[in-house]
Amino acid sequence: SRVWGIILSGNGSDGLAGAQAIQNEGGKILVQDPADAMVDDLPLSVIREDWGDYYYPAELIGDKLVTHIATTKKSKRGVRYYNYNLYKRDPGYFKSV
């Protein structure tokens, strides 16, 4: 799947259903590092359920997402995406998002 979910700081466990749905369909989940979150309930909930694939401080998530997408490989088809530029935007755009 080419779906990516991002779990950020938040209360409770309201993002668990979405994270589980994405995982069940083969997607990946990036989770804000709980130590970096203002409220760590949601990131910790996802981590406890083992649904997070990658953990980063909030300021790195945008860059890491772009890097992961840029290097995605579909082994069955042998397709690789390198230097994939979403919406053909200037790479600096993503650092401000």
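This is a predicted model: local features need pLDDT of at least 70, side-chain atom pairs count only at pLDDT 80 or more; totals for chains, interfaces and linings use all residues.

**The whole chain.** I counted 4 helices and 5 strands. Going from the N terminus, I wrote the order down as β-α-β-α-β-α-β-β-α. Of the 97 residues, 28% are buried. I also looked at contacts with a separation of 6 or more: 57% of them join residues 24 or more positions apart.

**Helix α1.** Which residues of α1 are buried? I found Leu-16, Ala-19 and Ile-22 in this helix, which covers residues 16-24. Looking down the axis, I saw the buried residues fall within an arc of 130°, so they line one face of α1. The spacing makes sense to me, because an α-helix has 3.6 residues a turn and residues three or four places apart point the same way. The buried residues pack against β1 (4-7), β2 (28-32) and α2 (41-48). On the other side of α1, I noted Ala-17 and Asn-24 as exposed. Just past the helix, Gly-26 has a positive phi of about 90°.

**Gln-32.** I then went to Gln-32, in strand β2. Its relative accessibility is 6%, so Gln-32 counts as buried, the cut-off being under 20%. What does its side chain reach? I got the backbone nitrogen of Ser-9, at 2.8 Å. Leaving aside neighbours within four places in sequence, Gln-32 has contacts that include Ile-7, Pro-43, Tyr-56 and Ile-61.

Technical notes:
Residues are numbered from 1 along each chain as its sequence is written. Side-chain values use heavy atoms; hydrogens and water are left out. Buried means under 20% relative accessible area, exposed over 50%, partly exposed in between (1.4 Å probe, protein chains only). Helices (H or I, at least four residues) and strands (E, at least two) are DSSP runs, numbered from the N terminus. The arc is that of the directions from the helix axis to the C-beta atoms. Contact means heavy atoms within 4.5 Å. A polar contact is a pair of N or O atoms within 3.5 Å; within protein, one must be able to donate a hydrogen and the other to accept it, and residues adjacent in sequence count only if both atoms are side-chain atoms.
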